[in-house]
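I opened my notebook for a friendly look through this one. Here is the entry, with the sequence and structure to follow along.

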Amino acid sequence: MATTVSLSPLFLKSSLFPPSTHKLHSSCWSDYRTRTKPICASITKSEVGVIRKQDIVIVGAGIAGLATAVSLHRLGVGSLVLEQADSLRTGGTSLTLFKNGWRVLDAIGVGSELRTQFLEIQGMSIKSEDGTELRSFKFKDEDESQEVRAVERKILLETLANQLPPESVHFSSKLANIETTADGETILELADGTRLQAKIVIGCDGIRSPVAKWMGFSEPKYVGHCAYRGLGYYPSGQPFEPKVNYIYGRGLRAGYVPVSSTRVYWFICFNNPSSGPKITDPVLLKKQAKDLVRNWPAEILNIIDLTPDDTILRTPLVDRWLWPAVSPPASTGRVVLVGDAWHPMTPNLGQGACCALEDAVILARKLANATKSGNASVLDALRSYESERWPRIFPLTIRANLVGSLLQWENPVVCSVRNNVIIPKLVRLGPVLEHTNFDCEPLIQGIKV
């Protein structure tokens with residue numbers, strides 16, 4: 001089973017610079033057809049102070065940014081994507097996509113390609129910390145149309161990037177300043193002195209979004225627990241059934257799920273009064289993770305031992321509740337937010353990436369129609385995007401937070417009730433997954449919303 005997708009070298013060009021200003025390291029380009037890692041490029045600075053005009057600029061080449069760019073491209077609308085890193089940020093682990101995420105990936109034309117690389121998850125098993133199974137479910141028994149797969153972030157990003165035409169993404173483009181002009185356009189100044197004047201700016205720059213900060217949004221709030229995550233590697237084949245496995249303790253939970261024939265995603269979530277210092281040493285991260293579950297079922301410890309150093313990380317969990325009449329709107333003028341930049345949520349429902357994908361196709365459809373009609377239509381389209389997305393995003397963010405809080409209970413009596421009454425007798429999977437219902441037609445040029 002293939003687990004990598006090569007990047008086209010054409011993808012690394014940028015319309016910000018004429019061809020004569022591209023300075024490429026020959027070592028990055030040798031034998032590109034057989035490479036399985038993103039190819040890096042080094043691009044010289046443009047003339048400082050010169051303003052280059054673009055119709056649509058997307059800030060951030062993560063899942064939200066690339067999905068938005070691909071969605072616009074499918075509808076015949078071009079965009080320029082700015083990424084502050086010097087290549088696609090393909091580190092990290094995997095993410096779970098439910099059927100709403102797959103509906104979007106099908107709509108933008110990459111679903112079939114991704115399905116061949118990842119296992120379909122058939123169900124889930126919930127255990128206590130001593131290994132006793134509390135409950136099990138099969139997804140198809142609850143919803144015949146449900147589709148669940150864990151997807152490697154690296155492969156998802158590379159697959160999306162490869163759908164874009166040449167000159168679509170510009171790396172090493174860190175945003176330094178944002179200004180607005182008298183006619184409502186936006187000037188983006190980059191750290192290297194490059195200045196861009198954009199008719200529309202789409203902020204897809206993640207949880208700590210500078211674009212969101214400029215628009216008046218507060219920093220996301222720490223929710224009281226952190227997570228270790230990793231991607232175990234089994235070169236001779238992983239031994240697990242295609243199901244999600246959860247283990248619940250007191251103020252501590254863990255889980256693992258097969259991603260492909262050779263990779264297994266795992267996580268450990270633990271209560272902590274503060275987000276704590278940033279730790280990048282993989283040896284220390286592994287030790288800390290294993291210490292938390294030392295006496296738990298052996299399989300979680302074995303998966304951690306088989307985790308490559310470059311896939312293990314520790315992150316504080318955060319979210320932002322978009323209270324009506326309190327939070328800023330999703331757009332200011334012709335600057336708008338998508339995905340985590342607007343609505344960071346905890347991963348307890350597996351909906352962060354799915355919602356970012358939904359944002360991307362809905363915004364793209366509205367902008368594709370509006371850009372043909374002028375400024376007033378664009379502003380209406382951005383307001384319509386928020387009106388459609390907010391009623392879905394706000395409840396999901398709160399629900400994900402509450403689910404996490406319930407699963408992180410520490411009180412032994414409450415945990416006993418959870419394990420002996422709530423999970424085995426009261427929980428029904430069907431209603432829990434109703435939020436994964438989402439209709440999304442294929443993106444076609446000229447489509448009306």
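These notes go from the whole chain to a few single residues.

**Overall.** I kept in mind that this is a predicted model. I looked up the secondary structure of the protein chain and found 13 helices and 17 strands. Of the 449 residues in the chain, 54% are buried. I then turned to contacts with a separation of 6 or more, and 76% of these join residues 24 or more positions apart.

**Helix H10.** I picked residues 352-370 next, which form helix H10 with its 19 residues. From first C-alpha to last, H10 reaches 27 Å, close to the 27 Å expected at 1.5 Å a residue. I checked how covered H10 is, and 18 of its 19 residues are buried.

**Helix H9.** In H9, residues 298-305, I noted Ile300, Leu301, Ile303 and Ile304 as buried. Looking down the axis of H9, I saw that its buried residues fall within an arc of 160 degrees, so they line one face of the helix. What covers them? I found that the cover includes strands E11 (221-233), E13 (252-258) and E14 (263-271), along with helix H8 (282-292).

**Arg334.** I went to the loop between strand E16 (331-332) and strand E17 (335-337), where Arg334 sits. Leaving aside neighbours within four places in sequence, I listed the contacts of Arg334, among them Asp183, Gly184, Glu185, Lys199, Ile200 and Val201. Asn375, Val378, Leu379 and Leu382 are also in contact with Arg334.

**Positive phi.** Glu167 has a phi near 70 degrees. I located Glu167 in the loop between helix H6 (153-161) and strand E7 (169-170). Its relative accessibility is 41%, so Glu167 counts as partly exposed.

Ala325 also has a positive phi, near 70 degrees. I placed Ala325 in the loop between strand E15 (313-319) and E16. Is Ala325 buried or exposed? I read a relative accessible area of 88%, so Ala325 is exposed.

Terms used. Residues are numbered from 1 along each chain as its sequence is written. This is a predicted model: local features need pLDDT of at least 70, side-chain atom pairs count only at pLDDT 80 or more; totals for chains, interfaces and linings use all residues. Side-chain values use heavy atoms; hydrogens and water are left out. Helices (H or I, at least four residues) and strands (E, at least two) are DSSP runs, numbered from the N terminus. Contact means heavy atoms within 4.5 Å. The expected span of a helix is 1.5 Å times one less than its number of residues. Buried means under 20% relative accessible area, exposed over 50%, partly exposed in between (1.4 Å probe, protein chains only). The arc is that of the directions from the helix axis to the C-beta atoms.
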